[in-house]
Amino acid sequence: MYATSTAILLALLLPPQDGGRSLAQQDATAARAITQEFGLSRWSDKLLERSLSRAKSSDDRAELLLARCDILRLKAFRTVDEKERLGILGEAGVAYAEFLESSGNSRNVSTAQQNLGQLTELYGRTLSNLLEAGQLSEEEKTTYIATAEEIFKSGLKVLNGLLDTSEAGTLAFNQATFSRAMVYRYWAGYYPADSLERDQYANRALGYLEEFAISANLLPSMLAYNATADVYRVLQDWESSNDFYDYVIFNTIDALATEEVKDYPELAQALEGVVQQSYAGWLAMLRESGNQAGFDQIYGQFLDWLDKERIELTSDGYLAQLEVASQLVDNGESAQALALAKEVADNNPQSFLRLKANAVMGNAIKNAPDDVVIEISTLFDAAEGAFFEKRYEDSVENFRRILPRLSRNPDASEYGGRAYYLLARSWSNLGYDLFAALAHEQGAKDYPDDEDSAAKNAVQWEKITARFLSANASDRAIEDWHTEAVDMLAALDIGGGDVQMNEAKRLNNLAKSYYNKRPKPTADSKEGQDAARAIRKAIDAYEAIDANSDSYEKALVQRGSLYFELGSFEPGAYDTALGIYNDYLNNYITAEENTPSDPRSRKVRADSEPLAAFNVGRIYRAKAKAGDTNSWPLVLSSFENLRERYPTQQSLADDAMRYRIEAFLNLGKVEDAEAEYQAMLAVPASDVRISIGAFYLYSAWAKTVDQAEDLEARLAAKERELQYLHAYNSFASNPRWQNLLGEANLQMEMDHPEVASGLYQRILNDFEKASDMTDISRFSARIGFVESLLAMRRVGEAVPVVEALVQQKPKNLRVKIAVVKVKAGFLAWDGRNVLEVPGEGTLEALELAKQMASDLVQLGKYEAEQEGKNPFYYAPWWEAKLSQAYVYYQLGKTDPAEAGKHKRMIESLQKQDPTLGEGVAGKRISESFKWLLLR
């Protein structure tokens, strides 16, 4: 029967016979297709075994061997479990080596060489991941490292051959160069720290990486330098490793800010991944070297960057989080470590990261003092992870840590039944059926309200005791025990009107745990597919509730809500949700037989009807944001007068108004949006909703500023932009420093230094030590504060801040300008007269100002040349020359040798431009020069 079914399946899957190709070639093609299209690699193997047994020529055999290699490679890439993948990669490596020893045509040999080269690197990376995650026993380590030796030797031989035959600079050459370096990088890590092999292989990797990085483009170059940092980490050269990680992150973040990179989202995403990879390696290195202070600093930088740039974590970003969790374990902060590792595990359920996270959680639990408060959910996840990884002894240990805590924990009902069930299954897998039966019994008795777990525990309790009874039929104690288990099964077979609703609620909560994840899963991701499946299960449960049930109306509206959430993953679900809500609003609630007749049903109607009406608007909004612009008018009509229609639902009404602002703006109706905002103020709506409405308007006016065609229109738009950003910050309950800083900068740009100064001062007082504030942002707030003080001519208050800034960033342009003004003073212009604002004025202060002013002039000249301009046609250069002239003027009053130097400089400028820069830099510059000429 087996052979017959195999033959039938192969007959169905095999393509029509091609008379121009050999049977072996056709079989090889079919085997690849069976694996690639259907994922049936077992049948591919059978087909190749049969074909190899009857292959006549060396070419046919080579063709079939290559197909076997390719199938193993496909299997490896599709395998989720890292350990399983490692085994398949090992098989594939041996298969490719066997193929290359056979005689095949040059095309096939070249393809196999490239595949083996890439596979060799992947094997090294996968083995390193498992070693770092602590997922291999000592025996497994020995076996896999020995396999790695053989694969690396074969792979390096092939890579060297490719480098000899490939043209320098081609994709094949570059891939081979990088893969060769990475093979040595991983190889070095498998040897002890003081071994000759580690030193030898690591230094080879360094040489190859340097050779590759020098000639590579931005992305591969940064990858190579990051690998260089990893190699220095392997060598425990902490200083060099630190420098290279710093170099990669600094330069990659700089590159991400350029327009050239912003124009290519895929490149930007790849570079963001490089930054996260470097941060993960850097944190690992700092932890290994025992540099706690450096570790805290770099982790702070990492968090600042993620928050500022709104970066989505990659697997390397999660690795960085696990390094932090491991460091917390080392520091004895088990509860914090568990929380962080659990977050990583929850976000990576099908990844080696889950394995590493489980290992970290296990270490944290083992090292946690008895008095440390640990969330039951965290303990449960660690124990569950050990169970599914088949580490049953660890699973038993972790679940036994949970049990004493259940009696005093409010979440006991959520985890107790499942904890006993998995504890029992762990005992069973270890061969302790008696302990397993006792655990199942306890779980069924103690947590009957967890119907799913109680049923599972009762079923297993009965099965195990039935086996005991079968082996000991005369034992009355076992008979009574088995009878008790049977009675429990009968007791759990309950009904009632709320059972279906409770099940639907449970599935609904489960679905929420999928689609409410942050970041929200995308439709094409596995997480998104899991969320869609969970939502559909909950929908099915609500649909099963009978129309005559008291819960039907609530279930009906909840189905609409679930279809709305499903729309994020299946856009067609939005229309289904609309159908449900429209039928409910237009037919169900208008039917006389559905009129609420008791307080409970009236409460359901009072909650359900407004929610349904509100969600109709939300659905149209979701459709509009997904690209259906025709839905924006429907957003407006759906949310219109919601406050009057449902006066008790103020929160929904407030949200409706801010959504209408958004809709008006997307329809280009700015005046209507502003009118809606004024209506929000008049109601008044809640501060939170008003702040969101203000933010929509701020964002709209910010875009208008960018699109303004003339200065007048730009200034008018910027005033409105500032108005709404100020409103946003004013109404927000806890405005973030980023928004306050943005407003402060805008206030300065619009010549409101008094308001800006207060904002800068607030930021520095309240947020300067905030964990998410970066050094760049602190500097921006400090220099902005100085510039606002100087604009108000309050030089004395600026002195201490400038003193600190010049120590921090002496080469910064804005710092140099501030130093010149504070140390030497400056000339101000009120539109009619030149006013002198004195500075410190000491000889020491003036000498520093002189040097800074000279730097500004040189910088202005350089910038002008970069733009292809003569400095005399460049406004910043005139500004710098004025600062220099004023410094000379002040020096002349202190040092006779400098007297008159400012006049000579101005007269020289006047010979070349009689207007003294007025046509380029404005009247303030020319009048200030003239003022100096008279002194």
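**Notes on two loops and a helix pair**

1. Let's start with L136, which sits in the loop between α6 (106-133) and α7 (138-165). Please keep in mind throughout that this is a predicted model. L136 counts as buried because its relative accessibility is 8%, and the cut-off for buried is under 20%.

2. What does L136 touch, leaving aside its neighbours within four places in sequence? Its contacts are K83, L127, L130, L131, K141 and Y144.

3. Next comes another loop residue, D450, found between α21 (433-446) and α22 (451-471). D450 is buried but has no salt bridge. The nearest side chain of opposite charge belongs to R418, 4.9 Å away; a salt bridge would need the nitrogen within 4 Å of a carboxyl oxygen.

4. Finally, have a look at helices α39 (residues 813-824) and α40 (residues 843-866). Their axes come within 8 Å and cross at roughly 140°, and the crossing is left-handed. On the α39 side, the contact is made by L813, K816, I817, V819, V820, K823 and A824. The α40 side contributes A845, L846, L848, A849, M852, A853, D855, L856 and L859.

5. How do the residues of this α39 and α40 contact divide by type? There are 13 nonpolar and three charged residues, with no polar ones.

Definitions and conventions
Residues are numbered from 1 along each chain as its sequence is written. This is a predicted model: local features need pLDDT of at least 70, side-chain atom pairs count only at pLDDT 80 or more; totals for chains, interfaces and linings use all residues. Side-chain values use heavy atoms; hydrogens and water are left out. Helices (H or I, at least four residues) and strands (E, at least two) are DSSP runs, numbered from the N terminus. Buried means under 20% relative accessible area, exposed over 50%, partly exposed in between (1.4 Å probe, protein chains only). Lys and Arg count as positive and Asp and Glu as negative; His and the chain ends are not counted. Axes are lines fitted to C-alpha atoms, for helices over the stretch in contact, and angles run from 0 to 180 degrees between N-to-C directions. A crossing is left-handed if the near helix is turned anticlockwise from the far one by less than a right angle, and right-handed if clockwise. Contact means heavy atoms within 4.5 Å. Ala, Val, Leu, Ile, Met, Phe, Trp, Tyr, Cys and Pro count as nonpolar, Asp, Glu, Lys and Arg as charged, and the others, Gly among them, as polar.
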